[in-house]
Amino acid sequence: MNNFLNRLRPKRWAEGAVVYQIYPRSFQDSNGDGVGDLQGIIERLDYLQDLGITAVWLSPFYPSPMADFGYDVMDYCDVDPLFGTLADFKQLLRAAHKRNIKIMVDIVPNHTSDEHPWFEASRQSRTGKYADWYIWHDPSGYSNDTPLPPNNWLDMFSGGSAWEWSETRKQFYLHSFHVKQPDLNWENPAVQEAMKNVLRFWLDLGVDGFRIDAVPFMAKDPSFTNNPQDPAYTPGQTSPVWKYKRINSQGWPRHFEYLDNMSKVLTERRYRHHPRFMVTEGYVERHNAVENYMDYYRGMDPSVATPFIFEGIEESLGAQTWRKFLHDLHAALDGHNPASLPAYAFGNHDQHRIVTRFGAERARSVAVLQLTLPGVTFIYNGEELGMHNVSVPPEKTQDPQAIAGDGRDPERTPMQWSSELGAGFTDGEPWLPLAHDYRLHNAATQANDSTSFLSLYHALIHLRTKTPAFKNGAFRLLFDTDPQILAYERTSRKSRYAVIINFKDDTNSFSLDHPGTIIVSSIDGSVEKAVKRGDLHLRSHEAIVIKYTRLVKKS
Ligand code: GLC
């Protein structure tokens, strides 16, 4: 397994890349309406360039009624006026490319908005071009003239039935998420072709890749069998969303076929001159997670497509957990196809902030971990500032998922750029409240502090993208360590590095085989501290990167 990355040769931009996720609503407002926009992103490209990231993934900016803040798409090939125009997007793409920053856009294939013209036509009649573009079903029966849903499937937001009755069509439609997000019928080849044309539209404009939303939902049991009860569900404690095991309403094997067909568009003749890449969003079943991730690697062409690896979100943060996971995943990838690339994400717009989940100390060692692992890594905007969840009062709540008790507003609050009123994000009233401590913690104050989160991320991002050993070098786990230490090496032809992470709430030691220089510490940021062979002392939750003095060969 050691050398699986050594054998990777393709010139894909994603290898060793750092992708920065922008949630457009909260990144930078340029017109004072309190909501971020594309011109705002253009204004901040210098910041992104300085941070050293390779690519940006933009969460949806398409025309939308915003029932799910853009994940309810009304037109896949345009820009919502709230965010700007298609001309703004083209300007952003040009400006980003000029700075050598790639752009990935978010594709939402499972559902559209109920205000999308496809759905409006589909709802009108059981015959006609769009009749079978969505998942329509007759009632399972009637109770006092009220039609009853076809089965017990629940949506992901309210925990109520995933079926909504249409008086016009006299049938139910399926919505795995919000009632305003009807599921497309992927069994219909016309839907598959339409989505491929959406990809082609953005590829023709020059985008470098895609993040594909909520992919397991694309395929469900075609006979619509009920989901079984989940024995782990405790009413009042668990969200009603998890009352049943979602084994029939999502995750059926055909979604691999759909995704593979989408990924094939990226290698169509006319796009070959410009390498592109796509990453798919699917939270896999925890039992046998590695195997479940491998289904994606087996199902899609690994030279252009990879699944997100969400262990940093789903699993507890521990040395043993990570060592085992990295060992198993990399062994499986190596055995499968050496072109496979892991795509790590430790946070995103659906997850509590890293600092809130793990505390500041551990969040800093997470930065070291995620930026020194092989493959491509994703940073959600604001994590590089150590932003924490912001508590949003009920009257300011925006997220529809808050109905079922787990709203995502706290991790979606505006970027903290400066100490000014509006945090440099807006001159108006921000759409979500700013963190109360933004005057203290923001990009401007952190830029001048060598021990800040921003300086740590800056050092690590530059190290990753500029050092062959981290970009595409070999990866080797070290096993003879304290159980609370995770250690590995990254090696290229000319240099060798060790990454050592102490997960203990206390000091710990590691026996270093060779002398070197500590170049980054999660506690101090960039440093240059010579270390001798022998016992190395780490502080509580400290993570360090060591550059070995000589290129030492290890059997
Ligand atoms: C994905 C998105 C999330 C959205 C959902 C429905 O999980 O990341 O924000 O609500 O899909 O599109």
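How many cavities of 30 Å³ or more does a search of the whole structure find? The search finds one.

## Basis

This is a predicted model, where local features need pLDDT of at least 70, side-chain atom pairs count only at pLDDT 80 or more, and totals for chains, interfaces and linings use all residues. Residues are numbered from 1 along each chain as its sequence is written, and side-chain values use heavy atoms, with hydrogens and water left out.

## The cavity

A cavity is a set of points, on a 1 Å grid over the protein atoms alone, where a 1.4 Å probe fits but cannot get out. The largest cavity has a volume of about 40 Å³. A volume is the space filled by probe spheres set on the points, which are joined across faces, edges and corners.

Its lining consists of W153, L154, A162, L174, S176, F217, R246 and S249. Lining residues have an atom within 4 Å of a point. Five are nonpolar, two polar and one charged. Here Ala, Val, Leu, Ile, Met, Phe, Trp, Tyr, Cys and Pro count as nonpolar, Asp, Glu, Lys and Arg as charged, and the others, Gly among them, as polar.

## The pocket

A pocket is an open set of points with protein on both sides within 12 Å along at least five of seven lines. The largest pocket has a volume of about 1,600 Å³. It is lined by 48 residues, and M156, W242, Q250, Y283 and E314 are the closest to its centre. The lining divides into 21 nonpolar, 12 polar and 15 charged residues.

Three helices, α6 (254-265), α7 (289-299) and α8 (311-314), each supply at least two lining residues. The largest share, three residues, comes from α7. Helices are DSSP runs (H or I, at least four residues), numbered from the N terminus.

## The ligand

The ligand sits in the largest pocket: more than half of its atoms lie within 2 Å of the pocket's grid points. Around the ligand are 14 residues, the closest being D68, H111, D213, H349 and D350.

Polar contacts are pairs of N or O atoms within 3.5 Å. A polar side-chain atom of D350 lies 2.5 Å from a ligand oxygen atom. For H111 the distance to a ligand oxygen atom is 2.8 Å. An N or O atom in the side chain of E281 is 3.0 Å from an oxygen atom of the ligand. The protein covers 95% of the 310 Å² of accessible area that the ligand has on its own (Shrake-Rupley method, 1.4 Å probe).

Technical notes. A residue is near a molecule or strand if one of its heavy atoms lies within 4 Å of it. A polar contact is a pair of N or O atoms within 3.5 Å; within protein, one must be able to donate a hydrogen and the other to accept it, and residues adjacent in sequence count only if both atoms are side-chain atoms.
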